[in-house]
Each structure stands twice: as C-alpha cells, then as structure tokens.
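Visitor: I'd like a close look at one part of this model, please. Could you set it in the context of the whole chain before zooming in?

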Amino acid sequence: MRRTVAVLTGLCLTIVAAGCGEREQPSSAPSAEPSASGERPAAGDHDLTLSHNGLDRTYLLHAPPGYDPSRPAALIIALHYYPGSATSMQELAGLEARADKDNALVAYPDGVGGGFNALVCCGSADDVGFLTALTDHLVQTWHADPNRVFLTGISNGGDMSFRAAVETTGKFAAIGVVSGGYSGKLTTADSYVPKSPVSVITFIGGQDRYASTFQTGIKTWQQRLTCRPSPKASGVAGVTHTVAGCADGSEVSVYTLADMGHSWPGAKTGQLAASSAGVSATDLMWEFFAAHPRKA
C-alpha cells in the first residue's frame, strides 16, 4: 500500500495507490557541491553531494554552533516521506534545536525521485548502500561518533529505517520510526532481523489507516528478537506506551496515540505535523537515542 498525500486548500488528503510511503509533491532538491572531496567540516548548514552507485546523491547537513571536528559528535540521519525531500523533512522534524543543544550532527538525505527503496516501495535505488556510504563518509570526514549514529524517518522514511537496521550490521545504534512500519515481502522470513543490536522507538497513530499494519509489524519484530513488552505510564491521555527489553540487548519503545493519524507527533510545521498530539516524537526519540549508543 503506497501512502499518498495531496494538498488541497491547505489540507492534507490521503490518497492510496499500491506501495507504502507518504506522498507529497517533492520540493526542489538542494543545490549540490561538486564533490565530497571539497567539503570543509565547519558549523552551519551545508548542501552536499555524495556520489554512490553512479548517482550524485544530495543531502543537507546541519553542524551545531559548537561543532569541533576534533570531538566526535552524535549523528542523526533523518529520512523523508514519499514523495518528499530533505527540506520537507527538515521542516517537519525540527531536529536542529536539539542538535545545537547537544552538539550533534543532523543529515537529511534526498531520496531518488522523492522516495527511498524501502520495504514496500519506492523506487529501485540502492538506498541501504547509500545510507551505509553516507554514514561512513560522515564518520570519516565530519568525525561523527560511529557508536552514536541513529536513523529516523516518517512513513516511507520510517520503513527505510527498518530496512537499513536489518540489512546493515554495526552502523546504526537505534532507529526512530514515525508512522512507518516493518512490513512487506522482505519481512516474511523469520531471519529478517538485525544481526547486531538495534534499539527502536516508534510512534503509531490510532487513526492512521495503516495502524494495524504497523502494530502487527512491531509485534513481529519483538517476537523474533524475544522482546518482553511491559506497559509504562505515558502521562498523557490517549497515549499508551510500552517498553520491551530484547534478548540481544536492544530495547523497543512503542507509543500509540489514539487520536493521531499519519503524522509526526509534536511537529509545529510541515505537511504531516500533529502539533496537538500531546507528545513530541522529536524530543522523545532524542532522549531514547542518547540512552542507546551502539552496543559492542
């Protein structure tokens, strides 16, 4: 099931076709530097290009005011919905304020044709390979801490986060999935799970038409990794929270928001913002990431 979003008189209307990913008309791609070799690591916002698999892949990179190349910094890679762009994800997730406070790097890659080749759509690009190459590049050139690299995304970008967590080993310490899921043909095999611990925090809207798919997917993930969920107090009406410790040492934190649809809870701007959701996905996943560096 491909999730499609259109804008009509300022309102988001969900239209369904075949596949899985959030849809909006993609914004124009950011301007690109000629090559990665010309990069000069420094604080600020950067429009960058990384060549991979014969394609010039563009991404935005935010380095905090206190950025110091000699000090390893946490890295969050944030993946947009379909069709979307780095700039639409930047607007929606609003990760810069926390990055500036905690001295972290944030990268926003552009998907090819507005999407990522995730679990059930979109496209055919080697996005697992690209995210691996991007991570390696940011560790080597921008001195990101390899033990504190995290992946987040919404819808198609959330699906892509699950795929990258499974198909890479030792790259991502944890993922944050918003309105996305672990589903599709690739996930039918019991062996389709991470080979090293990857913790997960996920946010599911009870009014999302894909809520049951997402709930089934995260339950399957937990069963395969022998995780034992237990309820936790969320402190917010209509929001339930469970936390599960898993046999491989990872953790799974699930927030279900009864009144929310296919959105990013707590976002103030952006097409899929749910400002009145009662919790902030950005804040909660940031705290989760801080508590879950990569396990040896």
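Visitor: How many helices and strands does the protein chain have, and what surrounds R148?

Guide: Happy to take you there! This is a predicted model, in which local features need pLDDT of at least 70 and side-chain atom pairs count only at pLDDT 80 or more, while totals for chains, interfaces and linings use all residues. Residues are numbered from 1 along each chain as its sequence is written, and side-chain values use heavy atoms, without hydrogens or water.

The protein chain has six helices and 14 strands; these are DSSP runs numbered from the N terminus, helices being H or I of at least four residues and strands E of at least two. Of its 296 residues, 55% are buried. Buried means under 20% relative accessible area, exposed over 50% and partly exposed in between, with a 1.4 Å probe and protein chains only.

Now to R148, which sits in strand β7 (residues 144-154). R148 counts as partly exposed because its relative accessible area is 30%. Beyond its neighbours within four places in sequence, R148 is in contact (heavy atoms within 4.5 Å) with P72, A73, A74, L75 and P293. L75 is 73 residues away from R148 in sequence, yet their C-alpha atoms are 6.3 Å apart.

The side chain of R148 has two partners to point out. One is the backbone oxygen of P72, reached at 3.2 Å. The other is the side chain of D145, joined to that of R148 by a polar contact of 2.9 Å. A polar contact is a pair of N or O atoms within 3.5 Å; within protein, one must be able to donate a hydrogen and the other to accept it, and residues adjacent in sequence count only if both atoms are side-chain atoms.
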